[in-house]
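My entries follow in the order I made them.

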Amino acid sequence: MMSVQPIVRYCRAVAGQQRDVVDRITSQWHAARPDVDVSPMTVIGRVSRLSRLVDRRLAENFARHGIENWMYDVLATLRRQGEPYELTAGDLVRQTMVTTGAITNRVDRLAQRGLVERAGADDRRKVIVRLTPRGLDLVDQVIGSHLATEREILAALSPRQQADLVRLLRTALLSLGDVAEAADG
């Protein structure tokens with residue numbers, strides 16, 4: 001069941017020209033330093049705030065399944081590889097954008113819960129991380145509510161607005177070097 005609250009908030013904001021927190025912050029800067037162009041803050045501030053609010057909403061959903069954001073990130077990364085649902089530790093580092101130390105800690109914690117396992121590779125220097133059947137069941141259970149949560153978050157935007165936002169955000173990400181490797185698909 002989808003909540004209508006985001007749509008109601010959007011309609012009120014449009015009708016009443018409701019101001020967000022970034023509007024207040026930029027107004028304060030204009031008052032304190034009228035000589036400073038704070039226009040970048042109107043975008044970056046909103047992207048930053050949106051990221052935190054989205055993370056919070058996603059975390060609430062993950063908590064209902066007994067996991068945290070980082071756990072879902074690792075499990076989903078392995079799941080979307082297809083059978084046998086595995087990656088080398090190095091590939092997992094690249095695809096989750098965390099350090100080697102962080103991925104080692106995450107794999108250890110997920111292995112303790114029986115959600116992933118380590119397997120040896122032909123090259124003894126490589127470690128393969130693989131979903132266990134329990135990990136596969138969990139990630140398959142979570143994906144539905146995860147996508148429903150994402151849909152709720154985006155409900156205030158029309159399909160056209162979402163498509164425009166995708167295009168604009170992709171442009172910004174690519175300009176910062178966030179380019180998918182050919183092997184990433």
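I count two strands as paired if DSSP finds at least two bridges between them. The model is a predicted one.

Entry, strands. I looked up E2 (residues 116–120) and found it joined to E3 by five bridges, the two running antiparallel. In this pairing Val 116 stands opposite Leu 131 of E3. I then took E1 (residues 86–88), which pairs with E3 (residues 127–131) over three bridges, also in the antiparallel sense. Here I noted Glu 86 opposite Arg 130 in E3.

Entry, helix H5. Which residues of H5 (residues 89–96) are buried? I found Leu 92, Val 93 and Thr 96. Seen down the axis of H5, these buried residues fall within an arc of 105 degrees, so they line one face of the helix. I checked what covers them, and the list includes H4 (69–79), E1, H6 (100–112) and E3. After H5 comes Met 97, and I noted its positive phi, near 55 degrees.

Entry, core. I looked up the largest nonpolar core, which has 26 residues. Those with the most contacts inside it are Leu 75, Leu 78, Leu 92, Leu 110, Val 116 and Leu 131. Two or more residues each come from H3 (39–64), H4, H5, H6, E3 and H7 (133–154). H4 gives the most, with seven residues.

Entry, Leu 110. What is Leu 110 in contact with, leaving aside its neighbours within four places in sequence? I listed Trp 70, Met 71, Val 74, Leu 75, Leu 115 and Val 116.

Definitions and conventions:
Residues are numbered from 1 along each chain as its sequence is written. This is a predicted model: local features need pLDDT of at least 70, side-chain atom pairs count only at pLDDT 80 or more; totals for chains, interfaces and linings use all residues. Side-chain values use heavy atoms; hydrogens and water are left out. Helices (H or I, at least four residues) and strands (E, at least two) are DSSP runs, numbered from the N terminus. Buried means under 20% relative accessible area, exposed over 50%, partly exposed in between (1.4 Å probe, protein chains only). The arc is that of the directions from the helix axis to the C-beta atoms. Contact means heavy atoms within 4.5 Å. A nonpolar core is a set of buried Ala, Val, Leu, Ile, Met, Phe, Trp, Tyr and Cys residues joined through side-chain atoms within 4.5 Å.
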